[in-house]
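Please look over the sequence and the model shown here before reading on.

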Amino acid sequence: MDTFHRPELAREYAESLLGMRRFGATSGLFLANRRRTGKTTFLLADLIPALEHLGATVVYVDLWADQQNPPGALIAKAIIKAIRENEGVGAKTVRAGLRKITVLGVSVEVASSQLPDESSLADLLGELHRLTARKVVLIIDEAQQATVPHSGGMEAMAALKSARDQLNLGGRYTLALVMTGSDRDKLCRLVNTNQAPFVGSDIDVMPTLDRAYTDWVAGLIEEDRPDIRVDREVLETAFMLLGQRPQLLAQIIRDLTGLGRPPSTDFNRVLAERASQQRSLREGTYTSIFAGLKAAHQAVLSRILAGRGQGMFTSDAKEEYRQIAGKLLTDNQIQNALDKMRSGDAPMIWKSDRGDYALQDTLMRDWYLLKVARGEWPPAAP
């Protein structure tokens, strides 16, 4: 499917980051929304071009794409790559004379003679600014990966905070940071405690694709298949039932417009049925998973589902567990439940390096909230 663009949203963010709005976000943006809802597409197809159009130098890093390497290494290498691209023709003639520098314990090669052997992220970003004479915007996609235990990611985030403070000293606004995350709870680990590197910063919800997107999709369908008349209301409702995830909608559309498709007159009816079936299947899966857990696991998971993944061993938490499990849980039983739900090929929960917990699948939170709103919590076994 073609790419849907959101130029107005991108321009608003870009102008805010570059100090072109009176109440902008010159120190950075923290944006959260669920996975597969179009965040990365927006960053690559809209925000980066908008920033570059306004004269910024942009460095993009996806911490989810390479989870085998430490976040600090990925960030340093992305900045070095940008430095190399901006060193100019003269530098390209001395590649044989590349020298190694160390950044956050990572060894990288550079042609620049301006960088010390032991460089910081502030050194790298400052050098990139010197070479380009432009404001630098560093975009870190899936930034919550920096909070994974033993990754060194929080040290890298602290180094970025220091770099931002150094490069923006005196109101120069040389560096802006954009951090995105697929889970607000996880991204909060960067801002919501006194020890968090960006304490005091706000996390905004990145706007999810809406009716403008589904109307655009409807136009593509009708352009490709003139025999189909898409009911815009049905398409929008189907998209909402699918968790506003473009890939899931695209799969259903391919099935309904490709080989073996139903008659074109049945398109809207079958689309609604398929989306509803997927929603019911997803809800049934979560209900079965929850019903299959031991009482202690259900009690602990309920607290995380409610968005309270901190203080899992406090007296208040234990009282919650007692009400659900019907008995008082010991610290060992709580820890065992947490460990079990973090293990296996499909872990249910995630742990930050500070000992807080969150869901791996954020759609499970939607299922929980829906059950609560319907008065169906805790859910009965299917």
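What follows is a walk through this predicted model.

Residues are numbered from 1 along each chain as its sequence is written, and side-chain values use heavy atoms, with hydrogens and water left out. Because the model is predicted, local features need pLDDT of at least 70 and side-chain atom pairs count only at pLDDT 80 or more, while totals for chains, interfaces and linings use all residues.

The chain contains 15 helices and 10 strands, taken as DSSP runs numbered from the N terminus (helices H or I of at least four residues, strands E of at least two). Its C-alpha trace spans about 65 × 65 × 45 Å along the principal axes. Of the 382 residues, 47% count as buried, where buried means under 20% relative accessible area, exposed over 50% and partly exposed in between, with a 1.4 Å probe and protein chains only. Among contacts (heavy atoms within 4.5 Å) between residues at least 6 apart in sequence, 65% join residues at least 24 apart.

Helix 6, residues 153–167, has 15 residues and reaches 21 Å from its first C-alpha to its last, close to the 21 Å expected at 1.5 Å a residue; the expected span is 1.5 Å times one less than the number of residues. Its buried residues include Met154, Met157, Leu160 and Leu167, and what covers the buried residues of helix 6 includes helix 3 (71–85), helix 5 (121–132), strand 6 (136–141) and strand 7 (175–181).

An α-helix has 3.6 residues a turn, so residues three or four places apart point the same way. Lys161 is partly exposed at 28% relative accessible area, and Asp165 is likewise partly exposed, at 34%.

The whole structure holds 25 salt bridges. In one of them, Glu236 and Arg211 meet at 2.9 Å, N to O; this pair links distant parts of the chain, with Glu236 in helix 9 (residues 232–241) and Arg211 in helix 8 (residues 211–224), 25 residues apart. Another joins Glu273 and Arg269 at 3.0 Å, N to O, and both of these residues lie in helix 11 (residues 267–291), 4 residues apart. Finally, Arg279, Glu283, Lys371, Arg374 and Glu376 are linked in a network of salt bridges.

Conventions
A salt bridge is a side-chain nitrogen of Lys or Arg within 4 Å of a carboxyl oxygen of Asp or Glu.
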